[in-house]
Amino acid sequence: MSWLGGQKDSTAGRSGIVTVLDVGSTKVCCVIGRLKPCEESERLPGRTHKVKVIGIGHQKSQGVKSGTIIDLDRAEQSIRLAVDAAERMAGLTVESLFVNMSAGRMKSTIFSSSVNLGGHEAGEGDIRRVLTAGAKQALRAEREVVHSLPVGFSLDAERGIRDPRGMIGDVLGVDMHVLTADSAPLRNLELCVNRSHLSVERMVATPYASGLSALVDDEAEMGAACIDMGGGTTTISIFAEGKFVHAEVLPIGGGHVTMDLARGLSTGREHAERLKVMHGSALPAVDDDRDMVTIQPIGPDDGDMPQHAPRSVMNKIIRARIEETLEIVRDRLNKSGFGGVVGKRVVLTGGASQLSGLPEAARRILARNVRLGRPLGVTGLPEAAKGPAFATTVGLLIYPQVAEAESRYGKGGVLRFKGTGTGGRLHRVSQWFKDSF
């Protein structure tokens, strides 16, 4: 349902409170934001409201691996603590929230469909019919439609039409980007939220949210890729002509670099993470062989002496995993069919993107211009939450402002989702399609 309770374009002049929940492999973050109408930004895509954060809480993630719930009790506890901290700071009680998802083997597909207009003007009913025909092709057993977005309309032989309402033609066509995912991981994520006595307003794909927060308007219009390197997953989102046109999710993240270090240096995970953050680099340096790092041994025996090794040994382990990840990203970009659309524009974001030397390594392997993207256009965030690690969280706050693109043509102005039968409010797209016939 509309986050401000209005229909169609009536949300443009309304205010509201939005609560979002970022469930990641390394952290669970809940943010409560107050949205107030403003002039649409010329620099940031789709921003119709100013967002001011009034409450934030985050906890170390437990029971989550590569975006998938693997322990309901521990994940529920992390969610409860994060939401409680945000509620206390904001001074209000949360009932429903927007949640990100990166599990479920997400798949992007472009579907095309057309309907006959018979020479009259294209109205709301015609647009609804052509969108229904396009998205219906994506419905399969055990798959959920996460996003269903019109990329571009066509009238007769004219393509690239953004809004066909009121135009005259014989055949109205649409190209739709439909993002689907497996049902079970989505159901378990919603169940986990429901067990915390909260309901899910809508699930938003992590790559979509990251792109909304990290890309500026020119990048989204000309075509760009946003690569979100998280703790357990790396996601790719591609935007072109201001539209979200493709997404990929790789089950590789910064946590894999940490685990490689822990195994290669025979040390604990926490110490390996500290070494990576303080001394790690994705690029070789001339003094790596001379600089020594201290490696704490595994185990409770205080008699074990710390070991010393050249920094070059540690960085070789880091570079091997980083280069492998970036090569997979490069191959996925080339296979997506949107490599030419992306051109030379790539934005890196996510917590793992803060590794020293990573943008330079990405420029070399991807052979594209790469910049480090931070969340844009939100005020009230604490200093620690203004970095790339919170790009998805901020993107979830931005999503309600652009949600009309996929909700305006539903029954009663609302395209509702239903992810599960666990009592949440996320209503499945396919149910609307069934109701239309």
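Predicted model: local features only at pLDDT ≥ 70, side-chain atom pairs only at ≥ 80, totals over all residues.
Beyond its neighbours within four places in sequence, threonine 234 is in contact with several groups of residues. Ile227, Asp228 and Met229 are among them. Glu248, Val249, Leu250, Ile252 and Gly253 also belong to this set. Thr325 and Val329 complete the list.

Threonine 325 lies in helix H8, residues 311-335. Its relative accessible area is 3%, so threonine 325 too counts as buried. Leaving out residues up to four places away in sequence, threonine 325 touches Met229, Thr234 and Ile252.

Two packed helices are described by the angle between their axes and the distance between the axes. Helix H1 (residues 72-90) packs against helix H3 (residues 183-195) at an angle of about 55°. The axes of H1 and H3 are 9 Å apart. The angle therefore makes H1 oblique to H3. The crossing of the two helices is right-handed. On the H1 side, the contact is made by Leu72, Asp73, Ala75, Glu76, Ile79 and Arg80. H3 contributes Asn188, Leu191, Cys192, Val193 and Arg195. By type, the residues of this contact comprise six nonpolar, one polar and four charged.

Terms used. Residues numbered from 1 in each chain as written. Heavy atoms only, no water. Axes fitted to C-alpha atoms, helices over the stretch in contact; angles between N-to-C directions. Helix = DSSP H or I, 4+ residues; strand = E, 2+ residues; numbered from the N terminus. Parallel < 35°, antiparallel > 145°, perpendicular 65-115°, else oblique. Left-handed = near helix turned anticlockwise from the far one by under 90°. Contact = heavy atoms within 4.5 Å. Nonpolar A, V, L, I, M, F, W, Y, C, P; charged D, E, K, R; others polar. Buried < 20%, exposed > 50% of the residue type's maximum accessible area, 1.4 Å probe, protein only.
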